[in-house]
Amino acid sequence: MAAPKTELAEYLEKEIKKYDGIMVPIKASVSERMFTKKVPIEKLHPNPDDEFCNKTVGPNYSIYNRYVRTFQRFGTMDQSIMDDPITVEKVHPDGYMILNGHHRWAAAMRVGIKMIPVKIVNLTNEVDIEKMLRASNNDKRATLDLDEVVFCSKADDIPERPLPFPVNKMFVERIRLGLPALLHYLGRHGYDVWVYSSGYYSLDYIQNYFKRYSVKVDGVVTGVARKNKRFSATKKRTESKITKKYKETLHIDRDLMVRVFRDEGSFEEHEIKAEPSEWSREVIRLVHSFK
C-alpha cells in the first residue's frame, strides 16, 4: 500500500502541473543579477527537473524538518538564510524557478516567511551555445572544468594575483596561477576555449570574470549537473552541434590531458606531471609538442 501524500508533496504536484508547458527561462538584466534581493515567496516555483520534485526521490524530510525548526526558532530574523540566498532563474510567465535551495524554500513557506532572499542567474541555454559556435572560425577546442581545474579548489593550489578592489568583491573565486597565460596561448594557437561547471553561474559572469584577466573564453556551459529527462534532449542536441564543429578537442584536467580526434575516432592521453607553480607551463609545453 502506497504511503499517503504529504502536504508538501501535494503542493509540489499542483505547482508543477500548473506551470507544465508554459514556464520558460528568460534572461535577467545585469541590475537584477548584481545583488541578492528579497522577493515574495509565492514568486518562487519548484524546478520540475530537480530531484526534490521527483516522486521516486522527493524531498529529504530530515533536511526539510531541520530548516523548519530553525526558521520557527528565529523566524524572519534568521540571518543564515540571508547569508545563503536561494539560487533562481527568471522565468515566464512570472517569478523565478528554483535552481538550488528547495528545502530552505519549502521550510520558509511552511513557517510563513513572506519574503525570501534570492540570487538570480542566467544559465547557458541552447541558443547561447549556437551563438558561440557561429562566432568561431576554429576547428579545435580545449575544455576545462571551472570548479576542478580553473578555480582554486585544493589546499596546495596557488592563486593568480587578486583582482583589485572593488572588483574582487564581485568576482570572489580565485583563478589558479598561470591560467590566463595558458588560455591566451591556446587562443593564439587556434583553440577555442570552453569552460564547464556543474554550478549555477551566469554566462556573462564567467565571461566578464575572464575579461578581467584579458582572456577570451569562447564557450561557457553552466549547470551541466542537470541530468534529467527534460534537459537530456537539449543536452544531446548541443553536444552533437559541438562535436560537429570541432575536429580536435583537448580535455584538460589536473593530472591528465586527453586529445580526441573526431574523424579518426581516436584519442591520445598525456599525463601532466608538474608542481602547482609549474602546472600551466607544463600544459603549454605539451600542447606545443603537438605541432
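**Burial, packing and backbone features of the predicted model**

At a relative accessibility of 38%, methionine 34 counts as partly exposed, where buried denotes under 20% relative accessible area, exposed over 50%, and partly exposed the range in between (1.4 Å probe, protein chains only). The structure is a predicted model, in which local features need pLDDT of at least 70 and side-chain atom pairs count only at pLDDT 80 or more, whereas totals for chains, interfaces and linings use all residues. Residues are numbered from 1 along each chain as its sequence is written, and side-chain values use heavy atoms, with hydrogens and water left out.

Methionine 34 belongs to helix H2 (residues 30-34); helices (H or I, at least four residues) and strands (E, at least two) are DSSP runs numbered from the N terminus. Together with Val30, Phe35 and Met170, Met34 forms a nonpolar surface patch with about 410 Å² of accessible area in total. Such patches consist of residues with over 30% relative accessible area and no salt bridge, like charges being joined within 9 Å and nonpolar side chains (Val, Leu, Ile, Met, Phe, Trp, Tyr) within 5 Å. A salt bridge is a side-chain nitrogen of Lys or Arg within 4 Å of a carboxyl oxygen of Asp or Glu, and accessible areas come from the Shrake-Rupley method with a 1.4 Å probe, only the protein chains shown counting as cover for residues.

Helix H5 (residues 102-111) is largely enclosed by the rest of the structure, because seven of its 10 residues are buried, namely His102, His103, Arg104, Trp105, Ala106, Ala107 and Ala108. These buried residues pack against helices H1 (7-19) and H3 (61-74) and against strands E3 (44-45), E4 (86-92), E5 (96-100) and E6 (115-120), a contact being heavy atoms within 4.5 Å. Just after H5, glycine 112 takes a positive phi of about 90°.

In the largest nonpolar core, which has 44 residues, Leu186, Phe210 and Ile252 touch the most other members; a nonpolar core is a set of buried Ala, Val, Leu, Ile, Met, Phe, Trp, Tyr and Cys residues joined through side-chain atoms within 4.5 Å. Apart from this core lies another, of 23 residues, which includes Ala28, Cys53, Ile86 and Ala108.

A search of the whole structure finds 12 aromatic pairs. Tyrosine 201 and tyrosine 205 form a stacked pair, 6.1 Å centre to centre with 15° between the planes, and both of these residues are buried. Rings of Phe, Tyr and Trp (its six-membered ring) pair if their centres lie within 6.5 Å, with planes under 30 degrees apart counted as stacked, over 60 as edge-to-face and the rest as tilted. Tyr201 and Tyr205 are also members of one aromatic cluster, together with Phe151, Phe171, Tyr209, Phe210 and Tyr213.

Most residues other than glycine have a negative phi, and most peptide bonds are trans.
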